Amino acid sequence: MAELRVSVGVAVPAERAWAAIADWPSQGTWMVATRVRGTASAVGEKLEGWTGIGPLGFLDTMTVTAWDPPRSCAVLHTGHVVRGTGGFEVAALGADRCRVTWWERVDLPLGVLGKIGWLAIGPTTRLFFKVSLNRLKRVLETG
């Protein structure tokens, strides 16, 4: 299992950050190379994400497993490429500031080969998460 956890401080109220995260289709405006289809606001609802550029990429199917607005949500990744869990957490740091965290716990395929592959792709994935959260910060803070 591989774990990633990336956070960013944002100068907006937690409720505003949560609204942006929970607007699944708009995530493509700030997530690197990702488009999300569907809406979900309750445990058991399903979403699909396409990660890639043009036709090169993969479909990430997800089922919501936790929903606690405006604080957190979690999904179970059920696709062929990404399997495991992930989610978002929003922590209020006062009336007009919050911390947004994106986390993933991914099951690595192929045993030792998957672990070796993660050594190469893990840092790139972390960079994509950081870039994405910084884009979200910019979107939220500039309105």
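The following legends describe close-up views of a predicted model.

**View 1. Asp60, a buried acidic residue without a salt bridge.** Asp60 belongs to strand β4, which spans residues 56–68. The nearest side chain of opposite charge is that of Arg83, at a distance of 8.6 Å. The side chain of Asp60 instead makes a polar contact of 2.9 Å with the side chain of His77. When neighbours within four places in sequence are left aside, the residues in contact with Asp60 are Leu47, Glu48, Gly49, His77 and Val82.

**View 2. Glu104, buried and likewise without a salt bridge.** Glu104 is located in strand β7. Arg105 provides the nearest side chain of opposite charge, 8.8 Å away. Two polar contacts are shown for the side chain of Glu104: one with the side chain of His77 at 2.7 Å, and one with the side chain of Trp102 at 3.0 Å. Beyond its neighbours within four places in sequence, Glu104 is in contact with Ala2, Glu3, Leu4, His77, Thr85, Gly86, Gly87 and Phe129.

**View 3. The salt bridge between Glu3 and Arg105.** The model contains five salt bridges in total, and the pair shown here is one of them, with an N to O distance of 3.5 Å. The pair links distant parts of the chain: Glu3 lies in strand β1 (residues 2–10) and Arg105 in strand β7 (residues 98–106), 102 residues apart. Glu3 counts as exposed because its relative accessibility of 52% is over the 50% cut-off. Arg105, with a relative accessible area of 29%, is partly exposed. Side chains of opposite charge can pair when their charged atoms come close.

**View 4. The salt bridge between Arg37 and Glu48.** The closest N and O atoms of this pair are 2.3 Å apart. Here too, distant parts of the chain are linked, with Arg37 in strand β2 (residues 34–37) and Glu48 in strand β3 (residues 46–53), eleven residues apart. Arg37 is exposed, at a relative accessible area of 51%, whereas Glu48 is partly exposed, at 29%. Glu48 is also among the residues in contact with Asp60, the buried residue of View 1.

**View 5. The salt bridge between Asp68 and Arg71, and the cis peptide bond from Pro69 to Pro70.** The side chains of Asp68 and Arg71 meet with an N to O distance of 3.3 Å. Both residues are partly exposed: the relative accessible area is 34% for Asp68 and 46% for Arg71. The peptide bond from Pro69 to Pro70 is cis, and its omega is near -5 degrees. Pro70 is placed in the loop between β4 and β5.

**View 6. A nonpolar surface patch formed by Leu110, Val112, Leu113 and Ile116.** Together these residues present about 460 Å² of accessible area. Leu113 lies in helix α2, which covers residues 112–142, and is exposed, with a relative accessible area of 61%. Leu110 is found in the loop between β7 and α2. Leu110 counts as exposed because its relative accessibility of 68% is over the 50% cut-off. The phi angle of Leu110 is near 70 degrees, a positive value in a residue other than glycine.

**View 7. Ala33, a residue other than glycine with a positive phi.** Phi of Ala33 is near 50 degrees. Ala33 lies in the loop between α1 (14–22) and β2. With a relative accessible area of 33%, Ala33 is partly exposed.

**View 8. Gly79 in the loop between β5 and β6.** Gly79 counts as buried because its relative accessibility of 5% falls under the 20% cut-off. Gly79 and Phe58 are 21 residues apart in sequence, and their C-alpha atoms are 8.8 Å apart in space.

Technical notes
Residues numbered from 1 in each chain as written. Predicted model: local features only at pLDDT ≥ 70, side-chain atom pairs only at ≥ 80, totals over all residues. Heavy atoms only, no water. Helix = DSSP H or I, 4+ residues; strand = E, 2+ residues; numbered from the N terminus. Buried < 20%, exposed > 50% of the residue type's maximum accessible area, 1.4 Å probe, protein only. Lys, Arg positive; Asp, Glu negative; His and termini not counted. Salt bridge = Lys/Arg side-chain N within 4 Å of Asp/Glu carboxyl O. Polar contact = N/O pair within 3.5 Å; in protein donor to acceptor, adjacent residues only side chain to side chain. Contact = heavy atoms within 4.5 Å. Patch = residues over 30% accessible without salt bridge, like charges linked within 9 Å, V, L, I, M, F, W, Y side chains within 5 Å. Areas by Shrake-Rupley, 256 points an atom, 1.4 Å probe, with all protein chains shown as cover.
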